Amino acid sequence: MKFTRANTCKGTVRIPGDKSISHRSVMLGAISEGTTKVTNFLQGADCLSTIDCFLRLGIQIENHAEETLIHGRGLYGLTAPESRLDVGNSGTTARLLSGILAGQNFSSELTGDSSIQSRPMKRIIDPLSLMGAQMESLRGNGCVPLHIKGSPLHGIRYHSKVASAQVKSCILLAGLYADSPTSVTEPYLSRNHSEIMLKHFGADLTSEDTTATILPGAKLTAREIKVPGDISSAAYFIAAGLIIPGAEVLIQNVGINPTRNGILKVCRDMGADITLLNRSCESGEPAADLLVRHSTLRGTTVGGGMIPTLIDELPVVAALACFAEGTTIIKDAQELKVKESNRIQVMVKNLSAMGAHITATDDGMIIEGGYPLHGAVIDSRLDHRIAMTFAVAALASDGETEILGADCVRISYPKFYADLKNLIK
Ligand code: S3P
């Protein structure tokens, strides 16, 4: 797909549902009692993989554009799948589902696409094994395919080395099936959608600083979930609004949970003009509309506890930094290497091809802003966040940019290019 410079960017966009919250609504809906009704469920390939896995686990799910109904069968209502569960490209499905499967009274096998087959699963195999789970990486490389023999589980107090919501959520979900309390402490607080939703469904869960503790035994009851728009998807329109001259974009219904909204803080540090309007809150998840205007940006430093609050937005932050005066440093972000692609390597290679002054470091990137970008051929490596980042960067660059594998946006935002085109003048 090819892109050239936009004259300007104006209008309103309504962002599709949050990917993390959509996944969790199906998972918790499936293991609670009664029918969970979800509105604004993200119809992206990753969330459809989660639905597919739970259909194979015997859960009836009616997925329509206007609402998604999950007919839950309670904590012990899943049934043994007849074939391998395929998580596609979705790390969230692989890791959270493993936590649920570890405590069942049947065995299952879990696989996925070539990207997921190289992403680390040892980070969940280790804590789940401590809980008594019987799990095996079938190729012995700590990745999927995984064989999971459901077993009686015991509570643990786990200190995770990484601030990862997928690791934390996996352990908390397994904790529902344990015989004693389970707690997870992480170095920094990662997104807390699991904690919010587990409590909403009736789980006995408490959070203090960076520790979440779950007690087994509570009954989960079906609830209604209104999924806010995904701030990770909104980030591309925030970037377009900031870097395209004359731009003014209203981005509606964006989730602004404090454990996810680091992109707003970093953009403001860079001098961005972003106004929050129409604040609301549904089932513990805050949302707002964002009014974004073209801004003069300056470089910044992003690291430490800020990283988990914008982990998926770091590629677009790197692109924004090219349009800012001065130096931007992204540090403490080693996790970027184990996402859908090695996002440090892929960003540095592709932004360099467009003329950016960018260097890879062991835990991030250093960008010298202010050097105009020009078109190039961009290999997305089938990573949806890379494709969307470069579509936006191309709109503020000279010449033509071609994105290879552009279709991978179906993972998290199937209508991305149509929504972007609507705003481009
Ligand atoms: C997610 C957590 C993040 C994020 C991913 C979705 C989730 O991963 O990168 O896209 O839904 O829990 P980590 O928590 O492993 O960093």
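**Helix packing, a mixed sheet and an aromatic cluster**

Helix 2 passes helix 3 in a right-handed crossing, a crossing being right-handed if the near helix is turned clockwise from the far one by less than a right angle, and left-handed if anticlockwise. The model is a predicted one, in which local features need pLDDT of at least 70 and side-chain atom pairs count only at pLDDT 80 or more, whereas totals for chains, interfaces and linings use all residues. Residues are numbered from 1 along each chain as its sequence is written, and side-chain values use heavy atoms, with hydrogens and water left out.

The axes of helix 2 (residues 45-56) and helix 3 (residues 91-102) come within 10 Å and cross at roughly 25°; axes are lines fitted to C-alpha atoms, for helices over the stretch in contact, and angles run from 0 to 180 degrees between N-to-C directions. The two helices, helix 2 and helix 3, are therefore roughly parallel to each other, a description used for angles under 35 degrees, with those over 145 counted as roughly antiparallel, 65 to 115 as roughly perpendicular and the rest as oblique. Helices (H or I, at least four residues) and strands (E, at least two) are DSSP runs, numbered from the N terminus. Where the two helices meet, Asp46, Thr50, Cys53 and Phe54 are contributed by helix 2, and Thr93, Leu97 and Ile100 by helix 3, contact meaning heavy atoms within 4.5 Å.

Leu97 is also among the residues in contact with Leu110, as are Leu85, Val87, Ala94 and Ile148, when neighbours of Leu110 within four places in sequence are left aside. Leu110 is found in strand 7 (residues 107-111) and, at 0% relative accessibility, counts as buried, the term buried meaning under 20% relative accessible area, exposed over 50% and partly exposed in between (1.4 Å probe, protein chains only).

Elsewhere, 4 strands form an open sheet of mixed pairing in the order 2-15-17-16, two strands being paired if DSSP finds at least two bridges between them. Strand 2 (10-14) and strand 16 (273-282) are the edge strands, each pairing on one side only, and the twist from one strand to the next averages 15°. Strand 2 and strand 15 pair in the parallel sense over 5 bridges, with Val249 in strand 15 as the bridge partner of Gly11. The pairing of strand 15 (residues 248-255) with strand 17 (residues 285-293) is antiparallel and extends over 6 bridges; here Ile251 stands opposite Leu290 in strand 17. Helix 7 lies across strand 2, strand 15, strand 16 and strand 17, and runs at about 165° to strand 15. Helix 12 also packs on the sheet, touching strand 2 and strand 15, and its direction makes about 155° with that of strand 2.

A search of the whole structure finds 7 aromatic pairs, rings of Phe, Tyr and Trp (its six-membered ring) being paired if their centres lie within 6.5 Å, with planes under 30 degrees apart counted as stacked, over 60 as edge-to-face and the rest as tilted. The rings of Tyr236 and Phe416 have their centres 5.8 Å apart and their planes at 75°, so this pair is edge-to-face. Because Tyr236 lies in helix 7 (residues 231-243) and Phe416 in helix 12 (residues 416-423), the pair ties together parts that are 180 residues apart in sequence. Tyr236 is buried, with a relative accessible area of 1%, and Phe416 is buried at 0%. Phe416 also forms an edge-to-face pair with Tyr417, at 5.4 Å centre to centre and 70° between the planes, and Tyr417 is likewise buried. One aromatic cluster is formed by Phe3, Tyr236, Phe237, Tyr413, Phe416 and Tyr417.
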